[in-house]
Every structure is written in C-alpha cells, then in structure tokens.
Amino acid sequence: MSVQQSLPPGCEPTCHGCRHRGLGEAASLAQKSSYLARVLAPWLDRIAPIIGPAAESRLGYRDRVTLTARWSPAEGWRFGLVRRDELIAIHDCPVHTARVRSLVHLLVRLLPAGDTFPLAYLHVCGAQATLIVKAHRTTVGDLQPLLDELSGTDLDAIWLHHHPAAGRRLFARSGWQLLWGGPRSLGADGLLHGPTAFAQAIPGLHRQAMDTARRHLRPGPGCAVLDLYCGFGATLREWSMGDATVLGVELSGEAVELAAVNAPRAAVLRGTCAQRLPQVRSWWREQGGAGVAYVNPPRSGLDAEVTQALAGDLRPARIAYLSCSAGTLARDLATLESAGYAVARIHPYDFFPLTHHVEALALLDLRA
C-alpha cells in the first residue's frame, strides 16, 4: 500500500483544539474576521464575510481526526491532544462525530495494555480507522476482543500501521495491515476514499466553496484546468464535469490511485508539485499555453518553484487558491500580484467551527 509519508494538508499529529468552545457563534466568527483583516490587510476591501455552516452542523462534524494515544496502569488508555508534553483527554470532544467518540470509548475498553501494544496515534478518516504503533511488529491476536465487536459499529475498516518513527511524519509507505473490513469507503459525496485521504470536515460548506471556485474558473469545453495538490479527486471531478481538460498533481500514492477512480476523465501526476513542473509545463504547452488553475496547498503554502512557475511562464488566466493559512496565503498573493495578477475577492469559510482555524478562497485574475 502506497501512501504519502507526511501529514495531509491542514493536519497536525494532535486534534485541533476547541479554542472557541466557550464562545458563541458570533464571537467566534468575529475573532476569525479580525485575524483575517490583520493578516490579509492589503486586500481588506476584498474580503467577504465569513461563511459558516448551519447551526446544527457546528457540533459533531469532525469525522477526520488524529488523536495522540497514551497508556498508564493507573488510568488505562487516554486519547487526545498534547500541550506542553501533557496529554489532554478529549474522549467526548463535541466537534467530533458520534462515530469518532464511540470508537474512542471502544478502544479504551478493549485495547490491550500499553506495555504490550505501543499505540502512538489513532487516525480516523470517515469510516476508515488506523491504529499507528511505534514498533516494527505487534501481536495481532491481542486485538481480537476489539475486532470481535466492530461489526456493531458504523466503521468500514480498522488498519494497523507499524511506524516506529511516527510523529510529524504520521504515515510510512510500508507497515500497513488491514485487520478488519475493506480498504475503501464510499463517502457522502459519492467519492471513494482510503485511510489517509484528506477531505474537508463539512461537505456542504466545501460544496459552496467549490461552487464559488467554479464560477470564477469557468471550466468547460476547450478550457484547460491545472489542479495542484489535488487530493483524491474531489476537485478533479468538479472540473471534469464541465468537459474541461484537467491535469492534477498529488504526492500521495493512495490519493492518486483513488483519483483515477473518482475522476477518470482527469490525468494525474504523482509527486510534489515542484518535482512535476517539467511535465506540467509540457502539458500546458499542449493545451495552447492558456488555461486556469486551482491550488489547495498545505499550511506551508505554495512551493517557491510553483509560485514562480504560475507567475512566470504558465500564467493562467484565472487562479482559485484555497488556503488553510492566511499567513502563507498573504505571502503568495503578494508574489502573484507583483507578477501581474489582481486579487478579485477573498471568500473565508468556517470549515472548523469552534476552533481557531479559518480557511480562505482567493480568486485572482491575470491583468491584461
């Protein structure tokens, strides 16, 4: 099984903290708006109001999470986030789905003791769950009491991932073992995903963001769409449905395999976007040197070589840039503006209610 070796975009080796848990919706959004206004100050007049989910979706929405696991003889297994080397247990975190909370309680009850089972992290991706252990091998038979009760859950699979160096690099290429269930799940969006897929936490809100991006990019017959950091095919499928010619670039081997199924009309290159620039340039020339681009990089923003390529020789007519870090977005927007792009609008989205995170979709046009 081939997977990306580092954490997916926007993910840390702990759960995002519920920093706004004590705030009302209005106060939480006000804090996020103030932050965006400060960090994206050069484009303040083009920042739209934050779009959030419906009130009933502000709790119990997070179905993709990584929790640190620790065991002690006195307390047993505890799952949560680490702050200053202390684990804060969040077994009943209100932003997690019922599926995540039920699984955590099941693991607390049925996992073998930590002195025989060196579990480091629990990673949940929809109906796919992964136990990440810091060891080259473990005794799988010790997990049988857990496996015997999984048929009564709404999980599709439990994986065991042996990764002695797990940390900032959560996944390794080898060491995967499917303990129970099937290797793929079908999400509510009709897309297949595996245990390491990255998807936005609130599909309906992501749908709104994609609609906004599509209206700006206007993919259709005769239009070439370059999709960088494309994931497992959600956006590739979006552009392909408009009969555009689509090329994606993605590092994760699992995501590339799934993109071929989820968006069969798109071509996908595996590797980092910087590594694949020669092939991207060749494809771009084949399309006549004109097209549009959608980018959704990790928190570190666009690779410097990628920004230079977009601003230099590729120069797509329109760019839609979905960012999970306003700081790196500001850096990249400044570079693109200096190369002749105009920021038309920035649409923020509250993809992670009751946390400090806010994402923004920037829409750019190439000035004539």
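This is a predicted model: local features need pLDDT of at least 70, side-chain atom pairs count only at pLDDT 80 or more; totals for chains, interfaces and linings use all residues.
1. Helix α4 covers residues 203-217, and its 15 residues reach 20 Å from the first C-alpha to the last, which is close to the 21 Å expected at 1.5 Å a residue. After the helix comes Arg 218, a residue whose phi is positive, near 55°.

2. The buried residues of α4 are Leu 205, His 206, Ala 209, Met 210, Thr 212, Ala 213, His 216 and Leu 217.

3. What, then, covers the buried residues of α4? The cover includes helix α5 (234-240) together with β13 (292-295), β14 (318-323), β15 (341-349) and β16 (359-366).

4. Strand β11, residues 245-250, has 5 of its 6 residues buried, so it is largely enclosed by the rest of the structure. Strand β10 (residues 224-228) runs parallel to β11 and is joined to it by 5 bridges, with Leu 228 standing opposite Val 249 of β11. Between β10 and β11 the chain passes through α5, and this β-α-β crossover is right-handed.

5. Strand β11 also pairs with β12 (residues 267-270), in the parallel sense and over 4 bridges, and here the bridge partner of Val 249 is Leu 269 in β12. The chain goes from β11 to β12 through helix α6 (residues 253-262), in a β-α-β crossover that is right-handed.

Definitions and conventions: Residues are numbered from 1 along each chain as its sequence is written. Side-chain values use heavy atoms; hydrogens and water are left out. Helices (H or I, at least four residues) and strands (E, at least two) are DSSP runs, numbered from the N terminus. The expected span of a helix is 1.5 Å times one less than its number of residues. Buried means under 20% relative accessible area, exposed over 50%, partly exposed in between (1.4 Å probe, protein chains only). Contact means heavy atoms within 4.5 Å. Two strands pair if DSSP finds at least two bridges between them. A crossover is right-handed if, with the strands pointing away from the viewer, the path from the first strand over the helix to the second runs clockwise.
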